[in-house]
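Please keep the viewer at hand as you read.

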Amino acid sequence: SQPLYDRAVEILARNDLGYYTVPTHGLYPFQWNWDSALSALGQSYVNEARAWTEIETLFVHQWPDGMVPHIIFHKEDDGYFPGPAVWDTGRAVPTSGITQPPVTGFAVRKLYERARDQPMARARAQTLLPKIHAWHDWFFATRDPERTGLVAIIHPWESGRDNSADWNAALSRVPTEDLDTSHRRDILHANPSHRPTNEQYQRYFWLVKHFRSLGWDTARLHDGSPFRVVDPGFNAILLRSCSDLAWLAKELGETEIAATAKTQAEKGLAAMDGLWSALHQQYLCYDRVLDAPIPCLTVGGLLPIFAGISPERSTQIAARLSALAERTTFMIPSHDPNTPEYDGERYWLGPTWLIVNYMIADGLTRDGHIDIAARIVTDSMKLIVESGFSEYYDPMTGAPCGGPHFTWTAAMVIEFLK
Ligand code: DGY
(Lines give C-alpha, C1' and ligand atoms only; values in the text may rest on other atoms or scores of the structure.)
Protein backbone atom coordinates (compact mmCIF):
# COMPACT_ATOMS: atom_id res chain seq x y z
CA SER A 1 0.00 0.00 0.00
CA GLN A 2 1.06 3.59 -0.61
CA PRO A 3 1.54 4.61 3.09
CA LEU A 4 3.86 1.63 3.72
CA TYR A 5 5.78 2.36 0.55
CA ASP A 6 6.15 6.00 1.57
CA ARG A 7 7.42 5.05 5.03
CA ALA A 8 9.93 2.66 3.51
CA VAL A 9 11.19 5.40 1.17
CA GLU A 10 11.52 7.74 4.15
CA ILE A 11 13.73 5.22 5.96
CA LEU A 12 16.01 4.85 2.94
CA ALA A 13 16.33 8.65 2.83
CA ARG A 14 16.95 8.93 6.55
CA ASN A 15 19.87 6.46 6.39
CA ASP A 16 21.30 7.73 3.09
CA LEU A 17 24.66 9.46 3.40
CA GLY A 18 24.93 10.31 -0.29
CA TYR A 19 27.06 7.48 -1.68
CA TYR A 20 26.35 4.79 0.89
CA THR A 21 23.55 3.95 3.31
CA VAL A 22 23.97 3.02 6.97
CA PRO A 23 21.88 0.01 8.12
CA THR A 24 20.58 2.21 10.95
CA HIS A 25 22.08 5.21 12.71
CA GLY A 26 23.63 4.45 16.12
CA LEU A 27 23.93 0.65 16.11
CA TYR A 28 25.60 0.41 12.66
CA PRO A 29 27.04 3.81 11.67
CA PHE A 30 29.11 2.66 8.63
CA GLN A 31 28.58 0.83 5.35
CA TRP A 32 27.92 -2.91 5.66
CA ASN A 33 28.52 -5.11 2.66
CA TRP A 34 25.40 -7.25 2.20
CA ASP A 35 23.16 -4.60 3.74
CA SER A 36 24.19 -2.29 0.89
CA ALA A 37 23.67 -4.88 -1.83
CA LEU A 38 20.17 -5.82 -0.65
CA SER A 39 19.19 -2.23 0.09
CA ALA A 40 20.10 -1.24 -3.47
CA LEU A 41 17.20 -3.44 -4.61
CA GLY A 42 14.56 -1.34 -2.86
CA GLN A 43 16.42 1.84 -3.74
CA SER A 44 16.33 0.94 -7.45
CA TYR A 45 12.58 1.63 -7.55
CA VAL A 46 13.03 4.98 -5.83
CA ASN A 47 16.21 6.33 -7.44
CA GLU A 48 17.84 4.06 -9.98
CA ALA A 49 21.14 5.94 -10.28
CA ARG A 50 21.52 6.04 -6.51
CA ALA A 51 21.02 2.25 -6.32
CA TRP A 52 23.97 1.65 -8.67
CA THR A 53 26.10 4.03 -6.60
CA GLU A 54 25.40 2.02 -3.43
CA ILE A 55 27.02 -1.07 -4.95
CA GLU A 56 29.78 0.84 -6.74
CA THR A 57 30.89 2.38 -3.43
CA LEU A 58 31.40 -1.11 -2.01
CA PHE A 59 33.71 -1.96 -4.90
CA VAL A 60 35.70 1.26 -4.57
CA HIS A 61 36.89 -0.36 -1.34
CA GLN A 62 37.56 -3.81 -2.75
CA TRP A 63 40.99 -5.08 -1.71
CA PRO A 64 43.65 -5.66 -4.38
CA ASP A 65 43.30 -9.43 -3.79
CA GLY A 66 39.60 -9.28 -4.69
CA MET A 67 38.00 -9.40 -1.23
CA VAL A 68 35.20 -6.95 -0.51
CA PRO A 69 35.29 -6.18 3.22
CA HIS A 70 32.25 -6.52 5.46
CA ILE A 71 32.44 -2.98 6.90
CA ILE A 72 33.76 0.23 5.33
CA PHE A 73 34.48 2.84 7.98
CA HIS A 74 33.84 5.90 5.82
CA LYS A 75 33.76 8.29 8.78
CA GLU A 76 34.91 8.08 12.37
CA ASP A 77 32.27 7.10 14.90
CA ASP A 78 32.91 6.12 18.52
CA GLY A 79 29.50 4.51 18.75
CA TYR A 80 30.70 1.19 17.30
CA PHE A 81 33.05 -1.52 18.52
CA PRO A 82 35.36 -2.90 17.14
CA GLY A 83 36.27 0.21 15.16
CA PRO A 84 39.06 0.82 12.60
CA ALA A 85 41.87 1.00 15.17
CA VAL A 86 41.11 -2.54 16.34
CA TRP A 87 40.96 -3.95 12.80
CA ASP A 88 44.07 -2.04 11.74
CA THR A 89 43.94 -3.31 8.15
CA GLY A 90 46.04 -0.45 6.79
CA ARG A 91 43.58 0.68 4.13
CA ALA A 92 43.45 4.39 3.20
CA VAL A 93 39.75 4.46 4.01
CA PRO A 94 39.67 1.96 6.89
CA THR A 95 37.79 -1.30 6.42
CA SER A 96 37.36 -4.53 8.34
CA GLY A 97 39.48 -7.48 7.18
CA ILE A 98 36.80 -10.14 6.71
CA THR A 99 33.95 -10.39 4.23
CA GLN A 100 30.18 -11.02 4.15
CA PRO A 101 27.63 -12.96 2.05
CA PRO A 102 28.37 -11.98 -1.58
CA VAL A 103 24.94 -11.05 -2.81
CA THR A 104 26.02 -8.36 -5.32
CA GLY A 105 25.93 -10.71 -8.34
CA PHE A 106 22.26 -11.36 -7.63
CA ALA A 107 21.52 -7.68 -6.91
CA VAL A 108 23.26 -6.35 -10.01
CA ARG A 109 21.41 -8.74 -12.30
CA LYS A 110 18.13 -7.55 -10.78
CA LEU A 111 19.10 -3.90 -11.18
CA TYR A 112 20.03 -4.56 -14.78
CA GLU A 113 16.86 -6.48 -15.62
CA ARG A 114 14.49 -3.93 -14.12
CA ALA A 115 16.38 -0.86 -15.34
CA ARG A 116 14.31 1.98 -16.74
CA ASP A 117 17.52 3.61 -17.95
CA GLN A 118 18.97 0.77 -20.05
CA PRO A 119 22.12 2.51 -21.36
CA MET A 120 23.09 3.54 -17.83
CA ALA A 121 22.43 0.02 -16.54
CA ARG A 122 24.53 -1.51 -19.30
CA ALA A 123 27.48 0.79 -18.68
CA ARG A 124 27.43 0.44 -14.92
CA ALA A 125 26.91 -3.34 -14.98
CA GLN A 126 29.78 -3.69 -17.45
CA THR A 127 32.13 -1.92 -15.02
CA LEU A 128 30.97 -3.90 -11.99
CA LEU A 129 31.05 -7.28 -13.70
CA PRO A 130 34.84 -8.01 -13.54
CA LYS A 131 35.01 -6.67 -9.98
CA ILE A 132 32.27 -8.98 -8.74
CA HIS A 133 33.89 -11.83 -10.62
CA ALA A 134 37.25 -11.07 -8.95
CA TRP A 135 35.54 -11.26 -5.56
CA HIS A 136 34.02 -14.66 -6.40
CA ASP A 137 37.40 -15.90 -7.66
CA TRP A 138 38.97 -14.74 -4.40
CA PHE A 139 36.47 -16.88 -2.48
CA PHE A 140 37.21 -20.03 -4.43
CA ALA A 141 40.98 -19.42 -4.27
CA THR A 142 41.35 -18.56 -0.58
CA ARG A 143 38.32 -20.11 1.13
CA ASP A 144 38.32 -23.42 -0.70
CA PRO A 145 41.99 -24.41 -0.80
CA GLU A 146 41.12 -28.05 -1.48
CA ARG A 147 38.81 -27.10 -4.36
CA THR A 148 35.70 -28.79 -3.02
CA GLY A 149 33.41 -26.28 -4.74
CA LEU A 150 32.20 -24.75 -1.45
CA VAL A 151 33.81 -21.99 0.61
CA ALA A 152 34.31 -21.66 4.36
CA ILE A 153 33.71 -18.66 6.58
CA ILE A 154 36.41 -17.96 9.17
CA HIS A 155 34.44 -15.68 11.49
CA PRO A 156 30.76 -15.75 12.55
CA TRP A 157 30.47 -12.12 11.43
CA GLU A 158 31.13 -13.23 7.86
CA SER A 159 27.96 -15.32 7.82
CA GLY A 160 25.77 -12.34 8.67
CA ARG A 161 24.10 -14.75 11.12
CA ASP A 162 26.47 -13.79 13.91
CA ASN A 163 25.18 -15.70 16.93
CA SER A 164 23.56 -18.62 15.10
CA ALA A 165 23.73 -21.87 17.06
CA ASP A 166 25.46 -23.26 13.95
CA TRP A 167 28.70 -21.71 15.25
CA ASN A 168 28.48 -22.74 18.92
CA ALA A 169 30.64 -25.86 18.82
CA ALA A 170 33.24 -24.44 16.42
CA LEU A 171 33.36 -21.16 18.33
CA SER A 172 33.84 -22.95 21.64
CA ARG A 173 37.27 -24.00 20.35
CA VAL A 174 38.22 -20.36 19.77
CA PRO A 175 39.94 -18.90 22.84
CA THR A 176 38.38 -15.93 24.60
CA GLU A 177 40.17 -12.59 24.47
CA ASP A 178 39.95 -10.40 27.52
CA LEU A 179 37.08 -8.05 26.75
CA ASP A 180 34.68 -6.72 29.32
CA THR A 181 31.24 -5.43 28.46
CA SER A 182 32.40 -1.82 28.84
CA HIS A 183 33.97 -2.05 25.35
CA ARG A 184 30.75 -3.06 23.70
CA ARG A 185 28.71 -0.33 22.05
CA ASP A 186 25.99 -2.51 20.49
CA ILE A 187 24.31 -3.04 23.85
CA LEU A 188 24.04 0.72 24.35
CA HIS A 189 21.97 1.01 21.17
CA ALA A 190 19.95 -2.22 21.37
CA ASN A 191 18.46 -4.37 24.12
CA PRO A 192 21.27 -6.68 25.37
CA SER A 193 18.86 -9.61 25.41
CA HIS A 194 18.48 -9.19 21.62
CA ARG A 195 22.24 -9.34 21.02
CA PRO A 196 25.09 -11.90 21.17
CA THR A 197 26.48 -12.71 24.63
CA ASN A 198 29.65 -11.21 26.03
CA GLU A 199 31.40 -14.57 25.85
CA GLN A 200 30.63 -14.71 22.13
CA TYR A 201 32.06 -11.20 21.77
CA GLN A 202 35.25 -12.33 23.51
CA ARG A 203 35.68 -15.07 20.91
CA TYR A 204 34.75 -12.79 17.99
CA PHE A 205 37.38 -10.39 19.29
CA TRP A 206 40.03 -13.11 19.66
CA LEU A 207 39.59 -14.04 16.00
CA VAL A 208 39.99 -10.42 14.88
CA LYS A 209 43.21 -10.06 16.87
CA HIS A 210 44.46 -13.39 15.54
CA PHE A 211 43.86 -12.42 11.90
CA ARG A 212 45.52 -9.07 12.59
CA SER A 213 48.57 -10.95 13.90
CA LEU A 214 48.67 -12.76 10.53
CA GLY A 215 48.99 -9.36 8.85
CA TRP A 216 45.57 -9.56 7.14
CA ASP A 217 47.16 -11.69 4.44
CA THR A 218 43.87 -13.17 3.29
CA ALA A 219 45.58 -16.11 1.58
CA ARG A 220 46.80 -17.29 5.01
CA LEU A 221 43.68 -16.76 7.06
CA HIS A 222 41.68 -19.87 6.12
CA ASP A 223 44.33 -22.39 7.18
CA GLY A 224 45.33 -20.13 10.08
CA SER A 225 41.86 -19.94 11.58
CA PRO A 226 40.59 -22.32 14.27
CA PHE A 227 37.09 -21.46 13.00
CA ARG A 228 36.36 -22.80 9.51
CA VAL A 229 32.75 -23.60 8.74
CA VAL A 230 31.01 -24.33 5.44
CA ASP A 231 27.61 -22.65 5.72
CA PRO A 232 24.96 -23.77 3.20
CA GLY A 233 23.27 -20.36 3.51
CA PHE A 234 26.41 -18.41 2.75
CA ASN A 235 27.31 -20.72 -0.12
CA ALA A 236 23.76 -20.52 -1.50
CA ILE A 237 24.13 -16.75 -1.78
CA LEU A 238 27.55 -17.06 -3.41
CA LEU A 239 26.35 -19.68 -5.90
CA ARG A 240 23.21 -17.72 -6.80
CA SER A 241 25.46 -14.72 -7.39
CA CYS A 242 27.72 -16.82 -9.61
CA SER A 243 24.73 -18.02 -11.69
CA ASP A 244 23.37 -14.49 -11.99
CA LEU A 245 26.80 -13.15 -12.88
CA ALA A 246 27.11 -15.82 -15.58
CA TRP A 247 23.75 -14.70 -17.00
CA LEU A 248 24.79 -11.05 -16.90
CA ALA A 249 28.20 -11.71 -18.43
CA LYS A 250 26.59 -13.57 -21.31
CA GLU A 251 24.17 -10.70 -21.82
CA LEU A 252 27.07 -8.23 -21.91
CA GLY A 253 29.23 -10.35 -24.22
CA GLU A 254 31.85 -11.24 -21.61
CA THR A 255 32.12 -14.87 -22.61
CA GLU A 256 35.11 -15.79 -20.48
CA ILE A 257 33.55 -14.54 -17.25
CA ALA A 258 30.27 -16.18 -18.26
CA ALA A 259 31.93 -19.58 -18.67
CA THR A 260 33.93 -19.45 -15.42
CA ALA A 261 31.01 -18.18 -13.34
CA LYS A 262 28.75 -20.90 -14.74
CA THR A 263 31.30 -23.59 -13.83
CA GLN A 264 31.68 -22.16 -10.31
CA ALA A 265 27.90 -22.29 -9.81
CA GLU A 266 27.53 -25.82 -11.18
CA LYS A 267 30.43 -27.25 -9.22
CA GLY A 268 29.21 -25.60 -6.02
CA LEU A 269 25.63 -26.77 -6.45
CA ALA A 270 26.81 -30.35 -6.95
CA ALA A 271 28.92 -30.12 -3.78
CA MET A 272 26.03 -28.51 -1.88
CA ASP A 273 24.13 -31.78 -2.08
CA GLY A 274 26.78 -33.27 0.19
CA LEU A 275 25.45 -30.99 2.97
CA TRP A 276 21.95 -32.49 2.73
CA SER A 277 20.74 -34.35 5.82
CA ALA A 278 18.08 -36.98 5.12
CA LEU A 279 17.45 -37.22 8.86
CA HIS A 280 16.79 -33.49 9.32
CA GLN A 281 15.31 -32.86 5.86
CA GLN A 282 17.45 -29.77 5.40
CA TYR A 283 21.04 -28.80 4.69
CA LEU A 284 23.56 -28.65 7.54
CA CYS A 285 26.70 -26.63 8.14
CA TYR A 286 29.98 -28.51 7.97
CA ASP A 287 32.88 -28.05 10.37
CA ARG A 288 36.04 -28.13 8.28
CA VAL A 289 38.34 -28.40 11.30
CA LEU A 290 36.61 -31.51 12.68
CA ASP A 291 35.56 -32.79 9.26
CA ALA A 292 32.00 -33.33 10.46
CA PRO A 293 28.50 -31.96 9.85
CA ILE A 294 26.94 -29.64 12.44
CA PRO A 295 23.50 -31.03 13.36
CA CYS A 296 21.75 -27.74 14.00
CA LEU A 297 18.34 -26.67 12.66
CA THR A 298 18.81 -23.10 11.41
CA VAL A 299 17.59 -21.13 8.45
CA GLY A 300 21.08 -21.38 6.96
CA GLY A 301 20.08 -24.92 5.98
CA LEU A 302 16.94 -23.71 4.17
CA LEU A 303 18.53 -20.87 2.21
CA PRO A 304 19.93 -23.17 -0.53
CA ILE A 305 16.51 -22.91 -2.17
CA PHE A 306 17.71 -19.45 -3.23
CA ALA A 307 20.62 -20.99 -5.13
CA GLY A 308 18.69 -23.18 -7.59
CA ILE A 309 18.78 -26.74 -6.23
CA SER A 310 17.21 -29.88 -7.76
CA PRO A 311 13.41 -30.14 -7.93
CA GLU A 312 13.54 -32.97 -5.38
CA ARG A 313 15.48 -30.93 -2.82
CA SER A 314 13.39 -27.86 -3.53
CA THR A 315 10.19 -29.80 -2.75
CA GLN A 316 11.76 -31.14 0.44
CA ILE A 317 12.72 -27.62 1.59
CA ALA A 318 9.24 -26.33 0.75
CA ALA A 319 7.78 -29.14 2.88
CA ARG A 320 10.09 -28.33 5.76
CA LEU A 321 9.06 -24.66 5.55
CA SER A 322 5.37 -25.65 5.51
CA ALA A 323 5.91 -27.73 8.65
CA LEU A 324 7.59 -24.73 10.32
CA ALA A 325 4.69 -22.52 9.21
CA GLU A 326 2.22 -24.70 11.13
CA ARG A 327 3.91 -23.85 14.41
CA THR A 328 5.08 -20.29 13.76
CA THR A 329 3.07 -17.07 13.72
CA PHE A 330 5.47 -15.00 11.63
CA MET A 331 7.63 -16.93 9.18
CA ILE A 332 10.57 -17.66 8.92
CA PRO A 333 12.19 -18.32 12.31
CA SER A 334 15.98 -18.24 11.96
CA HIS A 335 16.17 -21.19 14.33
CA ASP A 336 13.71 -24.06 14.75
CA PRO A 337 11.39 -23.17 17.68
CA ASN A 338 11.22 -26.86 18.70
CA THR A 339 14.83 -26.91 19.91
CA PRO A 340 16.33 -25.97 23.29
CA GLU A 341 18.64 -23.26 21.84
CA TYR A 342 15.73 -21.29 20.37
CA ASP A 343 15.36 -17.72 21.68
CA GLY A 344 12.74 -15.69 19.80
CA GLU A 345 14.35 -12.30 20.49
CA ARG A 346 18.07 -12.99 20.37
CA TYR A 347 19.40 -11.99 16.94
CA TRP A 348 19.83 -15.22 14.90
CA LEU A 349 18.72 -17.72 17.57
CA GLY A 350 15.10 -17.49 16.46
CA PRO A 351 14.07 -14.06 15.13
CA THR A 352 12.54 -13.54 11.71
CA TRP A 353 14.49 -11.39 9.22
CA LEU A 354 12.90 -9.86 6.13
CA ILE A 355 16.00 -10.28 3.96
CA VAL A 356 15.96 -14.03 4.56
CA ASN A 357 12.22 -14.11 3.86
CA TYR A 358 12.85 -12.30 0.60
CA MET A 359 15.60 -14.64 -0.61
CA ILE A 360 13.72 -17.80 0.36
CA ALA A 361 10.45 -16.53 -1.15
CA ASP A 362 12.37 -15.74 -4.35
CA GLY A 363 13.61 -19.33 -4.61
CA LEU A 364 10.23 -20.84 -3.70
CA THR A 365 8.46 -18.74 -6.32
CA ARG A 366 10.95 -19.62 -9.05
CA ASP A 367 10.50 -23.32 -8.21
CA GLY A 368 6.69 -23.09 -8.19
CA HIS A 369 6.01 -23.42 -4.45
CA ILE A 370 3.58 -20.54 -4.56
CA ASP A 371 1.50 -21.13 -1.42
CA ILE A 372 4.32 -21.21 1.07
CA ALA A 373 6.00 -18.28 -0.70
CA ALA A 374 2.76 -16.27 -0.34
CA ARG A 375 2.53 -17.15 3.36
CA ILE A 376 6.09 -15.82 3.89
CA VAL A 377 5.35 -12.55 2.09
CA THR A 378 2.05 -12.07 3.93
CA ASP A 379 3.73 -12.64 7.30
CA SER A 380 6.49 -10.18 6.38
CA MET A 381 4.01 -7.42 5.61
CA LYS A 382 2.00 -8.16 8.77
CA LEU A 383 5.17 -7.69 10.81
CA ILE A 384 5.72 -4.25 9.29
CA VAL A 385 2.13 -3.15 9.90
CA GLU A 386 2.17 -4.38 13.51
CA SER A 387 5.75 -3.60 14.55
CA GLY A 388 7.33 -1.12 12.14
CA PHE A 389 10.59 -1.34 10.19
CA SER A 390 12.76 -3.15 12.70
CA GLU A 391 16.00 -5.06 12.28
CA TYR A 392 14.28 -8.38 13.14
CA TYR A 393 11.16 -9.74 14.89
CA ASP A 394 10.08 -12.37 17.38
CA PRO A 395 8.51 -15.08 15.17
CA MET A 396 5.80 -15.87 17.74
CA THR A 397 4.81 -12.47 19.17
CA GLY A 398 5.93 -10.28 16.25
CA ALA A 399 7.72 -7.96 18.73
CA PRO A 400 10.24 -5.63 17.05
CA CYS A 401 13.85 -6.46 17.99
CA GLY A 402 17.34 -5.03 17.44
CA GLY A 403 17.72 -1.61 15.80
CA PRO A 404 14.87 0.61 14.56
CA HIS A 405 14.33 2.35 11.14
CA PHE A 406 16.22 -0.39 9.40
CA THR A 407 17.40 0.16 5.82
CA TRP A 408 17.27 -3.35 4.42
CA THR A 409 13.94 -4.06 6.09
CA ALA A 410 12.56 -0.98 4.30
CA ALA A 411 14.18 -2.10 1.04
CA MET A 412 12.54 -5.54 1.31
CA VAL A 413 9.14 -3.96 1.94
CA ILE A 414 9.54 -2.04 -1.32
CA GLU A 415 10.49 -5.31 -3.05
CA PHE A 416 7.43 -7.10 -1.66
CA LEU A 417 5.13 -4.21 -2.66
CA LYS A 418 6.43 -4.04 -6.26
C1 DGY B 1 27.73 -6.36 14.45
O2 DGY B 1 28.52 -5.53 14.86
O3 DGY B 1 26.78 -6.79 15.11
C4 DGY B 1 27.87 -6.86 13.10
O5 DGY B 1 26.97 -7.86 12.81
C6 DGY B 1 29.25 -7.28 12.81
O7 DGY B 1 29.40 -7.12 11.48
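## Around the ligand

H70, W157, D162 and D186 surround the ligand, where a residue counts as near if its C-beta atom, placed from the backbone, lies within 6 Å. This shell divides into 1 nonpolar, 1 polar and 2 charged residues. Here Ala, Val, Leu, Ile, Met, Phe, Trp, Tyr, Cys and Pro count as nonpolar, Asp, Glu, Lys and Arg as charged, and the others, Gly among them, as polar.

A word on the source: this is a predicted model, so local features need pLDDT of at least 70 and side-chain atom pairs count only at pLDDT 80 or more, while totals for chains, interfaces and linings use all residues. Residues are numbered from 1 along each chain as its sequence is written.

## The nonpolar core

The largest nonpolar core has 128 residues, and L38, A107, V108, V229, I355, I360 and A410 touch the most other members. Such a core is a set of buried Ala, Val, Leu, Ile, Met, Phe, Trp, Tyr and Cys residues joined through C-beta atoms within 7 Å; buried means 20 or more other C-beta atoms within 10 Å of a residue's own, placed from the backbone.

Leaving aside residues up to four places away in sequence, A410 touches A8, I11, L12, G42 and F389, with contact meaning C-beta atoms, placed from the backbone, within 7 Å.

## A three-stranded sheet

An open sheet of 3 strands runs in the order β3-β6-β7 with antiparallel pairing. Strands are DSSP runs (E, at least two residues), numbered from the N terminus, and two of them pair if DSSP finds at least two bridges between them. Strand β6 (residues 285-287) is joined to β7 by 3 bridges, and P293 in β7 is the bridge partner of Y286.

How values were computed
Buried ≥ 20, exposed ≤ 12 C-beta atoms within 10 Å, placed from the backbone. Contact = placed C-beta atoms within 7 Å. Helix = DSSP H or I, 4+ residues; strand = E, 2+ residues; numbered from the N terminus.
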